[in-house]
Amino acid sequence: MSLDRRRLIGSGLVALAAGSAQAEPSPAPARSSRRAPPTSRPAGALELAMAADAPSTPTGLAIARGGRMFVMMPRFTGSEPVTLGEVLPDGSVKPYPDARTNMSDPKDPQATLFHVPNGVFDRNDAFWILDSGLPEGKGKPVPGAAKLVEIDITQDRIRRVIPLDAGMVADSSLNDLRVDIRDGRALAYITDQGQGGQGAILAVDLASGRVTRRLADHPSTATQEGLVKFVELRPVMEQKGETPAKSPKGGANGIAISPDGSRLYYAPLMSRRLYAVETAALLDPKVSDADLAAKVQDLGEKGMTGGLTTDSQDRIYLSLQEHNAVGRRRPDGTVEVLAADDRLIWADTFWITPDRWLYISSAQVNRRPEFNRGQDLQERPYAILRMRIDADPVL
């Protein structure tokens with residue numbers, strides 16, 4: 001096509017036929033009516049609360065009432081020096097409660113930490129740590145190493161250890177934790193995302209130490225096959241050497257409790273669905289696995305998420321990993337996007353403080369070597385972001 005003909009087409013002229021006479025030109029559109037192409041609609045803003053110089057991937061986050069901040073760094077390879085740390089005001093991270101406790105020792109599994117993915121504070125500000133007991137982020141859990149650890153942060157010492165072996169299987173990979181202490185009850189709920197795609201939920205009576213494994217063969221705790229997760233505009237795929245790339249597996253992962261403690265919300269890591277189950281049924285040994293499965297509610301689409309949390313209005317916060325964003329599901333099922341930020345890389349764990357700040361960690365899991373042909377693309381420090389919300393935390 002000649003330059004003159006391109007100009008004619010661009011100016012709105014129409015050629016009747018090759019070599020034929022030209023039609024009269026149509027009026028050019030007014031300059032004021034021209035608009036730029038649309039761009040993405042803006043979301044709310046997050047601010048940087050802390051740049052944590054963690055020595056390895058910080059998936060977990062917990063903040064005490066006095067403001068002390070802690071991060072949990074699972075030992076994905078076994079070589080990570082620290083699995084539980086306190087973030088100091090300058091952003092540095094020190095082993096917590098001390099370096100010795102962070103040195104995993106199979107000969108002393110109850111007193112040392114192996115693989116800590118998460119931890120929470122209860123309403124009494126006791127610090128509960130979940131240790132999956134994994135030797136290298138995978139493999140059979142070390143006998144006696146899977147446990148809940150209660151820490152008194154006023155004295156920086158371990159107060160109690162509750163073994164979780166009774167709820168474990170050979171391919172367990174415990175991931176997230178919620179503790180509910182109120183009205184004479186002391187309970188903990190734990191997600192097991194599994195290493196082969198099938199997960200479960202553990203219910204723990206903190207008073208007696210009884211551990212019950214539930215929903216181990218239910219679709220709501222399992223990887224949804226055939227999905228691909230996209231983070232930072234790239235598919236998250238495992239690949240070793242020249243072997244074909246494959247999506248990672250991940251069963252029950254994020255977990256949250258309703259304000260009154262009557263419902264447990266949860267979701268697999270590799271799934272777009274959100275589920276709920278009544279805690280009374282989950283805890284009742286008289287409710288069979290089949291009857292419990294029948295009580296599970298599919299709450300619908302919620303996007304690809306990691307961590308979950310709830311506020312006092314029973315709204316569920318969603319770590320929208322594919323969008324570097326924070327979402328929220330209302331009780332009527334409506335999902336809204338509250339904020340987005342390019343620094344929120346692999347949005348993971350939430351924490352809501354009494355003064356209504358919502359914190360969220362940027363874990364950068366998608367940049368780990370196993371998803372990048374052995375190359376570690378993580379960049380220190382790791383961002384911990386926050387935003388104001390209009391509700392109180394669930395205590």
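Figure 1. Glutamine 364 is buried, its relative accessible area being 4%. In this predicted model, glutamine 364 sits in the loop between S25 and S26. Its phi is positive, about 60°, although glutamine 364 is not a glycine. Arginine 373 is found in the loop between S25 and S26 as well, and has a phi near 50°, again a positive value in a residue other than glycine. Most residues other than glycine have a negative phi. Arginine 373 counts as exposed, with 57% relative accessibility.

Figure 2. Tyrosine 96 and proline 97 are joined by a cis peptide bond with omega near -5°. Proline 97 belongs to the loop between strand S5 (93-95) and strand S6 (118-121). The bond from arginine 380 to proline 381 is also cis, and its omega is about 0°. Proline 381 lies in the loop that runs between strand S25 (357-362) and strand S26 (382-388). Most peptide bonds are trans.

Figure 3. Strand S21 covers residues 316-320, and because 5 of its 5 residues are buried, the strand is largely enclosed by the rest of the structure. Ile316, Leu318 and Leu320 point one way from S21, whereas Tyr317 and Ser319 point the other way; all are buried. In a regular strand the side chains alternate between the two faces of the sheet. S21 pairs with strand S20 (residues 305-310) in the antiparallel sense, over 4 bridges. Threonine 309 has tyrosine 317 in S21 as its bridge partner. The two strands, S20 and S21, form a hairpin with 5 residues between them, and aspartate 314 in the turn has a positive phi of about 60°.

Figure 4. S21 and S22 run antiparallel and are joined by 5 bridges. The bridge partner of serine 319 in S22 is valine 326. Between S21 and S22, which form a hairpin, there are 4 residues, and asparagine 324 in the turn has a positive phi of about 50°. Strand S22 (residues 325-329) is joined in turn to strand S23 (residues 335-340) by 5 bridges, and these two strands run antiparallel. Arginine 329 stands opposite valine 335 in S23. S22 and S23 form a hairpin with 5 residues between them; in its turn, glycine 333 has a positive phi of about 95°.

Figure 5. The largest nonpolar core holds 49 residues, of which Phe127, Trp128 and Leu148 touch the most other members. A second, separate core has 16 residues, including Leu187, Ile255, Ile257 and Val277. In soluble globular proteins, nonpolar side chains tend to be buried together. The contacts of tryptophan 128, leaving out residues up to four places away in sequence, include Leu148, Val149, Glu150, Arg160, Ile162 and Leu177. Glutamate 150 lies in strand S8 (residues 147-152) and counts as buried at 7% relative accessibility. With residues up to four places away in sequence not counted, glutamate 150 touches Ala126, Phe127, Trp128, Arg157, Ile158, Arg159 and Arg160.

**Figure 6. Leucine 292 in helix H3.** Helix H3 (residues 289-295) contains leucine 292. Leucine 292 is buried, with a relative accessible area of 0%. Not counting residues up to four places away in sequence, leucine 292 touches Arg214, Leu215, Val277, Ala281, Leu282 and Val287. One of these, Val277, is a member of the 16-residue core. Histidine 218 is 74 residues from leucine 292 in sequence, and their C-alpha atoms are 9.8 Å apart in space.

**Figure 7. The whole protein, for orientation.** The secondary structure comes to 3 helices and 26 strands, and the C-alpha trace spans about 95 × 45 × 45 Å along its principal axes. Of the 395 residues, 52% are buried. Among contacts between residues at least 6 apart in sequence, 52% join residues at least 24 apart. The accessible surface comes to about 18,300 Å², and carbon and sulfur atoms account for 52% of this surface. The protein has 49 positive and 50 negative charges, whose mean positions are 4 Å apart.

Methods
Residues numbered from 1 in each chain as written. Predicted model: local features only at pLDDT ≥ 70, side-chain atom pairs only at ≥ 80, totals over all residues. Heavy atoms only, no water. Buried < 20%, exposed > 50% of the residue type's maximum accessible area, 1.4 Å probe, protein only. Contact = heavy atoms within 4.5 Å. Core = buried A, V, L, I, M, F, W, Y, C linked by side-chain atoms within 4.5 Å. Pairing = 2+ DSSP bridges. Areas by Shrake-Rupley, 256 points an atom, 1.4 Å probe, with all protein chains shown as cover. Lys, Arg positive; Asp, Glu negative; His and termini not counted. Charge placed at Lys NZ, Arg CZ, Asp CG, Glu CD.
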